[in-house]
Amino acid sequence: MLHRLRQRQPADPVTHVERVPPRVGEPAPWPSWAPAELRAAYARRGVSTPWRHQAEAADLAYDRRHVVVATGTASGKSLAYQLPALATLLADPRATVLYLAPTKALAADQLRAVAALEVEGVRPACYDGDTSRAEREWIRRHSRFVLTNPDMLHHGILPGHAQWSGFLRRLAYVVVDECHVYRGVFGSHVAHVLRRLRRQCARYGRNNGPTFVLASATSGDPATAAGRLTGLPVSAVTEDTSPRAGVTFALWEPPLLPPDPSTDGSGEPGAGPELNQVRRSALRETADLLADTVATGVRTLAFVRSRRGAEVVAASARRSLDEAVPGLGDRVAAYRAGYLREERRELERALLHGDLLGLASTNALELGVDLIGLDAVVICGYPGTRASLWQQAGRAGRSGQEALAVLVARDDPLDTYLVHHPEAVFGAPVEATVLDPANAYVLGPQLACAAAEAPLTAADLKLFGDGAEEAVAALVEVGALRQRPTGWYWRHRERPEVDLRGEGGAPVCVVESATGRLLGTVDGGSAHFLLHPGAVYLHQGVSYVVDALDLDDGCALVHHEEPDWSTHARDVTSLSVVSVRSYVDAGPVGLFLGEVDVTSQVVSYQRRRIATGEVIDTRPLDLPARELRTVAVWFTLSPESLVGAGVEPADVPGALHAAEHAAIGLLPLVATCDRWDIGGLSTAVHPDTEAPTVFVYDGHPGGAGFAERAYGMAASWLRATRDAIAECGCEAGCPSCVQSPKCGNGNSPLSKPDAIRVLDAVLTNLPK
Ligand SMILES: [Zn+2]
Ligand SMILES: [Zn+2]
């Protein structure tokens, strides 16, 4: 199949083919403690014996050791927690189990799986936002296997702990599924929700507390990440012994476009074309690959990073299929998180049954667990981590059949680096999940929640870890808590309002004015970028234009319109240093980690022709500025060292700016973040550092651990940045190296050769 796809191209776009061999499964005997009833139940479901990693994890969990099993997609992680949990429920008719999934859909899938085992007296049930009042009461009293999500635990179960006292007292296991999702700020919140859960279990008198069983996608050092998440010592099972189909994995770089004199990148900021597009876009390439595979009857899933992108890929593949065979386009659809649940499940069913042959999706996590065994997966743009890359690729492969996975590089420094460094994709260990429970912006609100649930004691503060004492003192200071001899008390009648999913606030609803129909939602943090007045918003390939964005009501009004342009919002940013946490003095070079205040405002948007990317115009916007106190990593160079490196004073701004863009682009290589999770700023002289400086900061209040990680890995991060720029085949800089799609300064000034000189100067001085 790969051969056919390559042939279509004038120049071979494949930079590397990795053959992932099929793996033979390694079965293990059932643990001796596994009751015959359960073995029989699994046998009825076609599982005659567990794989070795399942048995190992189950053994640890049954032995009441906290364990994380971190193996590939479809490796049977659920058996590893179901077996010890259900065996315990059978042995102790009072014991209970709490299962947490990051999405309601996943919890519903798991409910089906547990219910299918038909274990008597367990009465598994989902408890989430959709559960009726009457059902809730029944579940609290009778269910011994409750499936929910961290948000429900946070907003519903823990605040109502008294009603759950019986369940919590008897809680034997807490299962945390897909735990690698709990990263960054969200992960830090969930870490404290789990500590609050442990606290309530202890209050209701269970001696040793529940045993945690965590399931993770393959990730680096899962024991440490799971330990940070739960606050407990966790053992890890990481060797995947399940069988797997062979996969041909191709790295694909879209071809260079013929040179076009009108796009030389020298246009005036805001007027001419800013991104010097030299390659065919990854979206178009993905749409073509999807159309080609679907045309030959191959069931294909395309992963596209943005919701907008998924819509564009589906629409474009549909169009070319319809041109070839009218009606064939109907067998391709778009699928993304903003759609309503019923819509998404319907699309999945259609793909599984073959009514649909191609689906363009934004996020693997939103897909049902049953959606595996596809023939091909096309990944449009590196998904940010090797862990998610493998997770997405893992959707391909039916037993006995060879599957295809293709990673299509976007015009982006990280993607370019990766398709030319296959060892960084296939030879490197997957990343560790990064979270920071000590983030003061998470810890304070979480301690307020805990205090509202029950007064905090000195012993509790230990449970919440580093920074808890300071956070409580700060809450007393602002009048949220009152200190009494018996502990700290929440002073208000209402509970604190805390959103686990970050600062974005409530999602913004997208409503069609003419019909009042709710089209979908956009998270609050992205609303300024995606739903500003005039923005083009896509839903199921249908395009809408935003008439008004009401930030107070959390609602955007749109009307149906199909303009031939897309919109791209731009922001401006300023930054001041608040404090330095740590630094490395490397002579003429300084490397710092500290707190900064960032002010940014979405000020304008560009309209660009969809077909050519040509900029039509730039229009001003009137949106409020947003303040952010966060954590940044920054480096400084002495002006003399820049002269010594051969950078003319006049070129310093362009050199630093280019280095900043590329450094942001490469940060996901060392931290599990997304380019859009971080921001940057560079300047030839910054008032706070009094030197040429490049800042890279976490785009979340209080930081998310990414800048911290970059500081810790600075040498390898900046080395990869330097190599990515140096190895890019373009002449004067392009989106694959130093240009950034979210630059607030119109990608000007930028100097590619001077950026390499700057990074060389930093790397020679920085300790390894
Ligand atoms: Zn380039
Ligand atoms: Zn910039």
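**Close-up views of a predicted model**

Cys201 is buried, at a relative accessible area of 0% (buried: under 20% relative accessible area with a 1.4 Å probe, protein chains only; exposed: over 50%; partly exposed: in between). This is a predicted model, in which local features need pLDDT of at least 70, side-chain atom pairs count only at pLDDT 80 or more, and totals for chains, interfaces and linings use all residues. Residues are numbered from 1 along each chain as its sequence is written, and side-chain values use heavy atoms, without hydrogens and water.

**View 1. Cysteines without a disulfide partner.** The whole structure holds zero disulfides (a disulfide: a pair of cysteine sulfur atoms within 2.5 Å). For Cys201, the closest cysteine sulfur is in Cys449, 17 Å away and too far for a bond. Cys380 is in no disulfide either; the sulfur of Cys734 is its nearest, at 16 Å. Cys380 is buried, with a relative accessible area of 3%.

**View 2. The largest nonpolar core.** This core has 85 residues (a nonpolar core: buried Ala, Val, Leu, Ile, Met, Phe, Trp, Tyr and Cys residues joined through side-chain atoms within 4.5 Å). Phe249, Phe635, Leu637, Trp717 and Leu718 touch the most other members. Helix α22 (residues 652–666) gives the most, nine residues (helices: DSSP runs of H or I, at least four residues, numbered from the N terminus).

**View 3. Surroundings of Phe635.** Beyond four places in sequence, Phe635 touches residues including Gly590, Pro692, Leu718 and Val762 (contact: heavy atoms within 4.5 Å). A second, separate core has 39 residues, among them Ala58, Leu83, Val213 and Ala215.

**View 4. Ala41 in helix α2.** Helix α2 spans residues 36–44 and contains Ala41. Ala41 is buried, with a relative accessible area of 1%. His657 lies 616 residues from Ala41 in sequence and 61 Å away in space, C-alpha to C-alpha.

How values were computed: Chains are lettered from A and ligands numbered from 1 in the order in which they are written. Helices (H or I, at least four residues) and strands (E, at least two) are DSSP runs, numbered from the N terminus.
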